[in-house]
Amino acid sequence: MTELSPMLKQATGVLAARGEGVLLFDEADRRYLDFTAGIGVTSTGHCHPRVVEAAQRQVGTLIHAQYTTVMHRPMLTLVERLGEVLPAGLDRLFFANSGSEAVEAALRLSRQATGRPNVVVFHGGFHGRTVAAASMTTSGTKFRSGFSPLMAGVHIAPFPDPTHYGWPVEQATDFALTQLDYLLQTVTSPADTAAFVVEPVLGEGGYVPANERFLAGLRQRADEHGILLVVDEVQTGFGRTGKFWGHDHFAVRPDILITAKGLASGFPLSAIAASEELMAKAWPGSQGGTYGGNAVACAAAVATLDVIRDEGLVDNSAQRGTQLRHGLSLVADKYDEITDVRGLGLMIGNEFRDAAGKPDGKLAAAAQQEAARRGLLLLTCGAWGQVVRFIPALVVDADQVDEAVGIWADAVSAVVSG
């Protein structure tokens, strides 16, 4: 009997049959609040009518038009529409299928444009599972173990995570920048360093936001040494954090932006954006791929942009995120086991620690599983799996947030007291 790989571990036991907005229904038609959004992918919710209509219309017209062979209108329209939301100056795009592919494309561009071999990433970052992307990932050993040797030229600097270090954010930032300077002085000289690659909010690393001074410090050092600043917005982009891009919270200018996940409401599509001057430094033939820029995915992405704009979903993310964080903080206030509630917009993490102050992945997993049994789907993250994350679709409404907080409160009570 043929089955899925046993290494594919499901976070819940739900067999989804259909979805609508923030709701999933199993084959017995049991209703679940989906606060996973397919790991932040279904930005406009499950099966938004406008996205469905755009995809259905495109499927009936042209499914695959390989974009280094022929052009197609959905991709050209998407390029034009992304120009309305991308940071100023990032006016050239390359499309791929997944976040990992986009990360690798950004790495390749960085190395080719600068002629330098090395890249600096930051502790706790997640950039993907393919070889180069996994080599750049430090959020957990499970993403990079067992298939060494990894790609050479990757060097790791601290991320200013105040919870991990047990310091105020200013002290953590001082430490991170000081250690970055030390790294550039002792391990990878600026003349050998092509790029800094950073998430505005650590994703798999535990939903830890960066801060303005840290990212300004990266920008300053990048400008001083001719290093490129690559911002990985795979999870934080398209309104997830309450602004269109996660880096918008920190007033920083990227040289390359990476996007995926929420870009096409569930269809596989990713992209990197850079300036005309920078993109022109890629070597001929270095960008391509059979499925990148798929016509149906591009049509869905255009519809996604329409929905985000017309329904005010970035503002909704900010407002519902404030409501969600407040509700989760009230729950956390009742339990010593939840030591931090943090994040931006609809990207909120709850950190569990034991009585000795150690990360408690076991209790976090118990709370996540109990919530699922009660009809609320969540995921964990963090190096020890000690963070339970809330990432609902951007269409979530106030009543659904309240319902989710209520289920969470009951789930936490059950596992802490039980």
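Because the model is predicted, local features need pLDDT of at least 70 and side-chain atom pairs count only at pLDDT 80 or more, whereas totals for chains, interfaces and linings use all residues. Residues are numbered from 1 along each chain as its sequence is written, and side-chain values use heavy atoms, with hydrogens and water left out.

The protein is divided into domain 1 (16-47 + 312-417) and domain 2 (51-311), with bounds that come from an automatic or database domain assignment. The C-alpha centres of the two domains lie 25 Å apart. Domain 1 and domain 2 each give 35 residues to the contact, where contact means heavy atoms within 4.5 Å.

Strands (E, at least two residues) and helices (H or I, at least four) are DSSP runs, numbered from the N terminus, and two strands pair if DSSP finds at least two bridges between them. Strand β3 (residues 31-34) pairs with β13 in the parallel sense over two bridges, and L33 stands opposite L376 in β13.

Axes are lines fitted to C-alpha atoms, for helices over the stretch in contact, and angles run from 0 to 180 degrees between N-to-C directions.

Helix α13 (residues 398-417) also packs with helix α12 (residues 361-373), at an angle of about 130° and with the axes 8 Å apart. The two helices are therefore oblique to each other, a class left over once angles under 35 degrees count as roughly parallel, over 145 as roughly antiparallel and 65 to 115 as roughly perpendicular. In this contact, L363, A366, A367, Q368, E370 and A371 of α12 meet I407, W408, A411, A414, V415 and V416 of α13. These residues divide into ten nonpolar, one polar and one charged; Ala, Val, Leu, Ile, Met, Phe, Trp, Tyr, Cys and Pro count as nonpolar, Asp, Glu, Lys and Arg as charged, and the others, Gly among them, as polar.

Another helix pair is formed by α3 (residues 73-82) and α10 (residues 295-310), whose axes come within 8 Å and cross at roughly 35°. The contact includes L78 and R81 of α3 and V302 and D306 of α10. Its residues divide into ten nonpolar, one polar and three charged.
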